[in-house]
Amino acid sequence: MSEATQNPENKPLSDEELAAAAAMTPTDPLADPLADAQAELANLKAQNADLADQYLRAQADVQNARRRADEEISKARKFAVEGFADSLLPVLDSLEAGLAIPNATLEQIREGSEATLRQLKSALERNKVVEIAPPAGTKFDPHHHQAISVVPAEQEANTVVSVLQKGYLIAERVLRPALVTVTAPK
């Protein structure tokens, strides 16, 4: 006999006592610990499957975002000079138009060259290419200037005497330093 069918003195229970004990035992399957554990296991398995699905979707989103970013970077590199080239096309057109005139006078050639130079400077400025042309007497800046020669002068030492070739910045970065002559220390 099992312990449930025995009384505390280890004597068998009568039929009436068994019926009373059975009436007290709940027949609800959720009250059963095994059924509770199985229900909890099924719930956890469903949550696990849901989380695994969310994880896979998140991974796919990350991979798609990386792929799109790589494509955008590739396009940006490929077409980076597109705006710059577009701004230079009018300069090209002006040069070709000037050369197409068969009997141009020296003054017409000069006027056309000056107009084309203005177009070129404007195109460079629109694309953040800025000229470095320090006036005489400016303090020598090794970040923007390159000293080609040193000459004795009455000015303070290490100042620009003359510009031999203009330099250029592109978006605050030196593209080419200005070639300058500077004063010698006294």
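Trainee: Why does arginine 110 count as exposed?

Mentor: Its relative accessibility is 57%. The cut-offs are under 20% relative accessible area for buried, over 50% for exposed, and partly exposed in between, with a 1.4 Å probe and protein chains only. At 57%, arginine 110 is therefore exposed. Keep in mind that this is a predicted model, in which local features need pLDDT of at least 70 and side-chain atom pairs count only at pLDDT 80 or more, while totals for chains, interfaces and linings use all residues. Residues are numbered from 1 along each chain as its sequence is written, and side-chain values use heavy atoms, without hydrogens and water.

Trainee: What makes the meeting of arginine 110 and glutamate 114 a salt bridge?

Mentor: The rule asks for a side-chain nitrogen of Lys or Arg within 4 Å of a carboxyl oxygen of Asp or Glu. Here the N to O distance is 3.4 Å, so the pair passes the 4 Å limit. Both residues lie in helix H4, four residues apart, about one turn of the helix. Glutamate 114 has 37% relative accessibility, so it counts as partly exposed.

Trainee: How do you know that the length of H4 agrees with that of a helix of 21 residues?

Mentor: Helices here are DSSP runs of H or I with at least four residues, strands are runs of E with at least two, and both are numbered from the N terminus. The expected span is 1.5 Å times one less than the number of residues. For H4, residues 106–126, that gives 30 Å, and its end C-alpha atoms are 30 Å apart, so the two agree.

Trainee: Which residues of H4 are buried, and what puts them on the same side?

Mentor: Thr116, Ala123 and Leu124 are the buried ones. They cover an arc of only 95° around the axis, and that places them on the same side of H4; the arc is taken from the directions from the helix axis to the C-beta atoms. The buried residues pack against helix H3 (82–100) and strand E1 (129–132), where contact means heavy atoms within 4.5 Å. On the other side of H4, the exposed residues are Glu107, Arg110, Arg118, Glu125 and Arg126.

Trainee: How many salt bridges does the rule give?

Mentor: The count is four. One of them joins arginine 57 and aspartate 53, at 3.0 Å from N to O. These two residues are both in helix H2 (residues 33–78), four residues apart, about one turn. Arginine 57, at 55% relative accessibility, is exposed, whereas aspartate 53, at 36%, is partly exposed.

Trainee: And what makes arginine 67 and glutamate 71 a salt bridge?

Mentor: Their side chains meet at 3.4 Å, N to O. They are four residues apart in H2, so about one helical turn separates them. Arginine 67 is partly exposed at 40% relative accessibility, and glutamate 71 is partly exposed with a relative accessible area of 40%.

Trainee: Turning to the strands, why are E2 and E3 said to stand at the edges of their sheet?

Mentor: Two strands pair if DSSP finds at least two bridges between them. By that test, three strands form an open sheet in the order E2-E6-E3, with mixed pairing. E2 (145–151) and E3 (160–165) each have a single partner strand, so one side of each is left without a neighbour in the sheet.

Trainee: How many bridges join E3 to E6?

Mentor: Four, and the two strands run antiparallel, with E6 covering residues 178–183. Serine 162, for instance, has threonine 181 in E6 as its bridge partner.

Trainee: Why does valine 163 count as partly exposed?

Mentor: Its relative accessibility is 31%, so partly exposed is the label that applies. Valine 163 sits in strand E3. Beyond its neighbours within four places in sequence, valine 163 is in contact with Ala133, Pro134, Leu179 and Val180.
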